[in-house]
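Dear colleague,

I am passing on the structure below, together with some notes on what turned up in it. Please read them alongside the coordinates.

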Amino acid sequence: MALSDLDKSMKAFEERNTSMDYYILMSAEGIPFKSSLADNTQVVKIAGLLFDFIIYAKRTFDDLKKPSSNDNKNMTIRMRLKNGEEYIVIQEGDLYLICKQICKVTEAPAEPEKKS
């Protein structure tokens, strides 16, 4: 996929996902190469932290899997925090897509009181 096609795809992805705060595209080595964030130091910090987490998660999942299954090329991790943020990491081949979403947490409406 050419970089211009990638730009178009990511722009369309951003438009469809209005709750997305930012995204980072990262290589298999953990090197970010595309992001919707303007601050490059923040991009490198986030990519580094999540890449470390991905490596540990892969090791854990490999230990839990049956020895015969060897599919390590595609993985999805979804982490939701109490403060309403959600991180989604999608691996497709040698690329990782990291998305941060802001989940609007609302309380369920109160049930009306029953009259007896």
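In this predicted model, Lys100 forms a salt bridge with Asp21, and the closest N and O atoms of the two are 3.4 Å apart. Because Lys100 lies in strand S5 and Asp21 in strand S1, the pair ties together parts that are 79 residues apart in sequence. Lys100 counts as buried at 10% relative accessibility, whereas Asp21, with a relative accessible area of 41%, is partly exposed.

Lys100 also forms a salt bridge with Glu85, where the closest N and O atoms are 3.3 Å apart. Glu85 lies in strand S4 and Lys100 in strand S5, so this pair links parts that are 15 residues apart in sequence. Both Glu85 and Lys100 are buried, and salt bridges with shared partners join Asp21, Glu85 and Lys100 into one network.

The count comes to three salt bridges, one of them between Glu86 and Arg78, whose closest N and O atoms are 2.3 Å apart. Here Glu86 is buried at 3% relative accessibility, while Arg78 is exposed, with a relative accessible area of 60%.

As for the strands themselves, five of them make up an open sheet with antiparallel pairing, in the order S2-S1-S5-S4-S3. S2 (32–35) and S3 (74–80) stand at the edges with a single partner strand each, so one side of each is left without a neighbour in the sheet. Strands S4 (residues 85–92) and S5 (residues 95–102) run antiparallel and are joined by eight bridges, with Glu85 standing opposite Ile102 in S5. Helix H2 (residues 40–64) lies across S1, S2, S3, S4 and S5, and runs at about 115 degrees to S3.

Methods: Residues are numbered from 1 along each chain as its sequence is written. This is a predicted model: local features need pLDDT of at least 70, side-chain atom pairs count only at pLDDT 80 or more; totals for chains, interfaces and linings use all residues. Side-chain values use heavy atoms; hydrogens and water are left out. Two strands pair if DSSP finds at least two bridges between them. Helices (H or I, at least four residues) and strands (E, at least two) are DSSP runs, numbered from the N terminus. Contact means heavy atoms within 4.5 Å. Axes are lines fitted to C-alpha atoms, for helices over the stretch in contact, and angles run from 0 to 180 degrees between N-to-C directions. A salt bridge is a side-chain nitrogen of Lys or Arg within 4 Å of a carboxyl oxygen of Asp or Glu. Buried means under 20% relative accessible area, exposed over 50%, partly exposed in between (1.4 Å probe, protein chains only).
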